[in-house]
Amino acid sequence: MKLTVIGYYGAYPEKNSATSGYLIEEGDTKILLDCGSGVLSRLQNYIDLKDLDGVVFSHYHPDHCADFGCLQYAIMLETLHKKRIKTFEAWGPGRETFLSYQNYCNGKSYLEKESFSIGSLNFQTIENPHEVPSFSIKVKGESGAQIVYSGDTNYYKELALFTGKADLFLCESSLFDEQQGVTWGHLTSTEAGKIAADAGAKKLCLTHFPHYPLEKIEILKNEAQQVFKEDILLAKEGLEIEV
Ligand SMILES: [Zn+2]
Ligand SMILES: [Zn+2]
């Protein structure tokens with residue numbers, strides 16, 4: 001299973017970049033986790049849209065779903081032009097009418113579901129404390145490899161249990177350690193590190209960055225490394241992680 005970072009900013013995309021969007025591929029199965037602002041255009045540097053099987057949303061804040069409407073138009077036009085053979089599914093926390101588009105996009109809610117699958121990938125979710133209904137998502141590949149994506153969340157200890165010994169924990173780090181308690185609903189670097197350490201995750205990738213120069217973003221990694229002693233990566237466009 002391979003994850004490719006497409007967008008990694010919180011709130012809005014900086015010049016020539018995107019907010020949350022992560023491509024996961026295993027064999028012929030290709031799905032997108034979140035589809036934020038700037039993701040649709042940048043995604044095409046890594047995949048032909050006709051090969052995408054679906055999208056799974058952590059929640060419906062614009063920095064996680066802003067490009068979804070245009071993605072649905074792309075799927076419609078590819079289908080009408082007979083470029084697309086695959087069907088397309090969109091999964092999220094409720095709002096099936098938002099997720100669906102005529103016969104082109106099959107919208108499904110994962111609320112009340114223990115798990116669901118797209119192609120060879122299996123998904124489980126856990127509800128996060130956040131301003132709106134928001135979920136962490138566990139993706140299991142056919143080989144047993146696991147990726148857990150935090151979406152947006154305040155700190156809560158059950159997330160470590162859910163994450164377990166994931167091969168990769170892709171975790172938001174919207175705040176520096178000194179901002180602990182300033183904003184509810186997001187994680188500091190140190191909290192991301194603590195969840196990864198408590199979980200026993202094998203690797204941590206920090207993402208959903210605040211808007212500071214990249215030299216300052218390095219501080220997030222240094223702070224998380226104080227508590228998580230394994231490998232830590234900072235998300236950047238095109239970063240590929242094989243698990
Ligand atoms: Zn966000
Ligand atoms: Zn959010």
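Start by selecting α6, residues 189–199, and look at what its buried residues pack against: α5 (158–163), β11 (168–172), β12 (203–207) and α7 (214–227). Packing here rests on contacts (two residues whose C-beta atoms, placed from the backbone, lie within 7 Å). Helix and strand labels are DSSP runs, H or I of at least four residues for helices and E of at least two for strands, numbered from the N terminus. This is a predicted model, where local features need pLDDT of at least 70, side-chain atom pairs count only at pLDDT 80 or more, and totals for chains, interfaces and linings use all residues. Residues are numbered from 1 along each chain as its sequence is written, while chains are lettered from A and ligands numbered from 1 in the order in which they are written.

Stay on α6 and colour by burial. Eight of the eleven residues are buried, so the helix is mostly covered; that label takes 20 or more other C-beta atoms within 10 Å of a residue's own, against 12 or fewer for exposed and partly exposed in between, with C-beta atoms placed from the backbone. Among the buried ones are Ser189, Glu191, Ile195 and Ala199.

Strands count as paired if DSSP finds at least two bridges between them.

β14 pairs antiparallel with β1 over three bridges; pick Lys2 and you'll see its bridge partner, Glu242. On to β1 (2–7) and β2 (21–26), antiparallel over five bridges, where Leu3 partners Ile24. Zoom in on the hairpin between β2 and β3: two residues separate the strands, and Gly27 in the turn has a positive phi of about 60 degrees.

Finally, zoom out. The whole chain has seven helices and 14 strands, and 46% of its 243 residues count as buried. Its C-alpha atoms fill a box of roughly 50 × 35 × 30 Å along the principal axes.
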